[in-house]
Amino acid sequence: MKCPFCGYEDSKVIDSRHAEDGFSIRRRRECLSCQKRFTTHESLESQPIIVVKRDGSRQNFDRTKVINSMMHAFDKRQVDIADLDRIATEIEQTLQNTLSREVSTDHIGELVMARIKPLDEVAYIRFASVYRRFQDVQSFIHEINQFLEEK
């Protein structure tokens with residue numbers, strides 16, 4: 001690790017701690033040349049996840065899109081943004097842990113629905129209505145009836 005102050009290529013680790021997210025390590029280092037201290041963060045290298053959309057196009061997974069879609073479902077509802085961030089992290093980790101590098105938007109939608117269902121019933125129905133493309137009132141009634149049966 002190069003020192004950000006003098007550019008020397010050798011340093012020693014003074015302290016290591018798990019970062020708040022639990023997926024990285026924070027290390028305090030000291031340059032062996034100038035003795036200045038600096039912090040580095042180590043995290044596991046992750047492979048890109050490719051999302052296959054309904055029209056067949058492909059793009060990189062973007063957790064911001066997952067958070068934004070949940071925020072639309074929770075519009076004017078009580079929700080802690082930290083919960084949405086936690087859900088997005090859980091989904092991203094679930095996808096990283098699979099052997100497949102490609103995932104469909106349908107699969108991501110199911111993962112989101114499973115996690116927002118216990119948080120807020122109305123947000124769940126809102127998300128389901130967009131995700132499952134409800135076309136009429138009967139679609140809403142069917143989803144609500146299924147939801148009530150599972151309760």
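Reply: The account below begins with the sheet and then turns to the cysteines. The model is a predicted one.

The sheet is open and consists of three strands in the order E1-E2-E3, paired in the antiparallel sense. Its edges are formed by strand E1, covering residues 11-18, and strand E3, covering residues 37-43, each of which pairs on one side only. On average, and with direction ignored, neighbouring strands of this sheet are turned by 30 degrees against each other.

Strand E2 spans residues 24-31, and its antiparallel pairing with E3 comprises seven bridges. Across this pairing, Arg26 stands opposite His41 in E3.

The cysteines may be considered next. A disulfide is a covalent bond that joins the sulfur atoms of two cysteines. A search of the whole structure finds zero disulfides. For Cys31, the closest cysteine sulfur is that of Cys6, at 3.6 Å; because a disulfide requires the two sulfur atoms to lie within 2.5 Å, this separation is too far for a bond. Cys31 counts as buried, because its relative accessibility is 1%, and buried means under 20%.

The sulfur of Cys34 has its closest cysteine sulfur in Cys31, 3.7 Å away, and therefore this pair is also too far apart for a bond. Cys34 is partly exposed, with a relative accessible area of 26%. Thus Cys31 is buried, whereas Cys34 is partly exposed.

Note on methods: Residues numbered from 1 in each chain as written. Predicted model: local features only at pLDDT ≥ 70, side-chain atom pairs only at ≥ 80, totals over all residues. Heavy atoms only, no water. Pairing = 2+ DSSP bridges. Helix = DSSP H or I, 4+ residues; strand = E, 2+ residues; numbered from the N terminus. Axes fitted to C-alpha atoms, helices over the stretch in contact; angles between N-to-C directions. Buried < 20%, exposed > 50% of the residue type's maximum accessible area, 1.4 Å probe, protein only.
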